Each structure stands twice: as C-alpha cells, then as structure tokens.
Amino acid sequence: MWAALGVALIGAGTLAGAWFFELVLDIRPCPLCLEQRYGYYFATPLALLLALAAWLGAAPGWLRAGLVLVALAMVANGALGAYHSGVEWGFWKGPAGCAGRAVDFGSAGSLLDRLDAVKVIPCDEVQWRFLGLSLAGYNVLISLAMVVLAIGGVVYRRR
C-alpha cells in the first residue's frame, strides 16, 4: 500500500509541477513534453487505485501485477524523457512534429494575423534548467524513482 501511495503522490506532485510551470510561469511545453505526461496520467490514478485496493485487503498478486504495470509505464516514460534530453543536448534529431504545429490559416486576409499568433515550441530548445538539467532530465530522474518505489512494493514482503 505504501509503495503505491508513494508513487501516486510523486506522480500527482510532478503533474502539479508541470502545470505550474505551464500555467503560472508561462513555460509552454513542446510536443515531447506533453507526451511525457501520459505516463503520469496512467500511473498516478492506477497507483492510487492500488493503494486503495491494498487498504481494502485486495489479493497481493493483483497488487503486485498493478505495481509492475506502473513500473513498466514509468520505465517507458523515463526512456521518452531520456530521448527528449538527447534531443535537447543535440545528440540526435527530434521528431518532425517538434518543429511546430500545422495551423488552419483561414482566409488569405487573416493569414498574417494568424502567423503572428503562432508560437512554435521546438523540442530541441531548453526553456528552463536547474543544476544543469532540463525538465526532461528531471522527468527521467522522477520516473526512475517511481520505478524503484513500485518495484520495491513488488518485492517487499512484510515479515
């Protein structure tokens, strides 16, 4: 129960932090940043349900299976974060969708107005760093911490 609850709290805190950066500090996410949230959108509510199920006395096998799913989701999320970090550091190119989104420009008369309103968020430009790591780098670390916590819940046996 405690591992699942810890994973849920870390996931919720991470999502709250991402929304804070986006909505309060106006640091707009690129397409890869938004994709990195999917792992949290999956793992956080699942971990919360697992914690509730453990508290209600669910079978340990089901709880362990759920924690394995959480761990796998966060491994994939951490890999996506590592890929994004590599794009930011220039180790490899990002996907074509990271150059900006296609926009419906409407009529020719409003074309210039719409072009002025388009804000392209490229995946290879870091908008914020702390201690040398970007938000994608921190996503890798947080994802790995959630994996360790989930796997710890799988292997831990109460004595």
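Student: What makes aspartate 26 and arginine 28 a salt bridge?

Tutor: In this predicted model, the closest N and O atoms of aspartate 26 and arginine 28 are 2.9 Å apart. The cut-off is 4 Å between a side-chain nitrogen of Lys or Arg and a carboxyl oxygen of Asp or Glu, so the pair counts as a salt bridge.

Student: Are these two residues buried, exposed or partly exposed, and how do you know?

Tutor: Aspartate 26 has 41% relative accessibility, and arginine 28 has a relative accessible area of 31%. Buried means under 20% and exposed over 50%, so aspartate 26 is partly exposed. Arginine 28 is partly exposed by the same rule.

Student: How many salt bridges does a search of the whole structure find?

Tutor: The search finds 2. Besides the pair already described, glutamate 22 forms a salt bridge with arginine 37. Their closest N and O atoms are 2.9 Å apart, which is within the 4 Å limit.

Student: Why is arginine 37 called buried?

Tutor: Its relative accessibility is 9%, and the limit for buried is under 20%, so arginine 37 is buried. Glutamate 22, with a relative accessible area of 15%, is buried as well.

Student: Which residues are in contact with arginine 37, leaving aside its neighbours within four places in sequence?

Tutor: They are Leu15, Ala18, Trp19, Glu22 and Pro29.

Student: Is threonine 44 buried or exposed, and how do you know?

Tutor: Threonine 44 lies in helix α2. At 10% relative accessibility it falls under the 20% limit, so threonine 44 is buried. Leaving aside neighbours within four places in sequence, threonine 44 is in contact with Ala8, Gly11, Ala12 and Leu15.

Student: What makes the nonpolar surface patch?

Tutor: Trp19, Phe20, Leu23, Val24, Leu25, Tyr38 and Tyr41 make a patch of about 760 Å². Helices α1 and α2 are the elements that give two or more residues to the patch, and α1 gives the most, with 3 residues.

Student: Which residues touch the most other members of the largest nonpolar core?

Tutor: Of its 18 residues, these are Val7, Leu50, Leu67, Val70, Met74 and Ala150. Helices α1 (2-23), α2, α3 (60-89) and α5 (135-155) each supply at least two residues of this core. Leucine 67, for one, is in contact with Ala4, Leu50, Ala150, Gly153 and Val154, leaving aside neighbours within four places in sequence. In soluble globular proteins, nonpolar side chains tend to be buried together.

Student: Where is confidence lowest, and where is it highest?

Tutor: Confidence is lowest in helix α4 (residues 111-117), with a mean pLDDT of 60, and highest in helix α2 (residues 31-55), at 90. For the chain, the mean pLDDT is 81, and 81% of residues reach 70 or more.

How values were computed
Residues numbered from 1 in each chain as written. Predicted model: local features only at pLDDT ≥ 70, side-chain atom pairs only at ≥ 80, totals over all residues. Heavy atoms only, no water. pLDDT = per-residue confidence, 0-100. Helix = DSSP H or I, 4+ residues; strand = E, 2+ residues; numbered from the N terminus. Core = buried A, V, L, I, M, F, W, Y, C linked by side-chain atoms within 4.5 Å. Buried < 20%, exposed > 50% of the residue type's maximum accessible area, 1.4 Å probe, protein only. Contact = heavy atoms within 4.5 Å. Patch = residues over 30% accessible without salt bridge, like charges linked within 9 Å, V, L, I, M, F, W, Y side chains within 5 Å. Areas by Shrake-Rupley, 256 points an atom, 1.4 Å probe, with all protein chains shown as cover.
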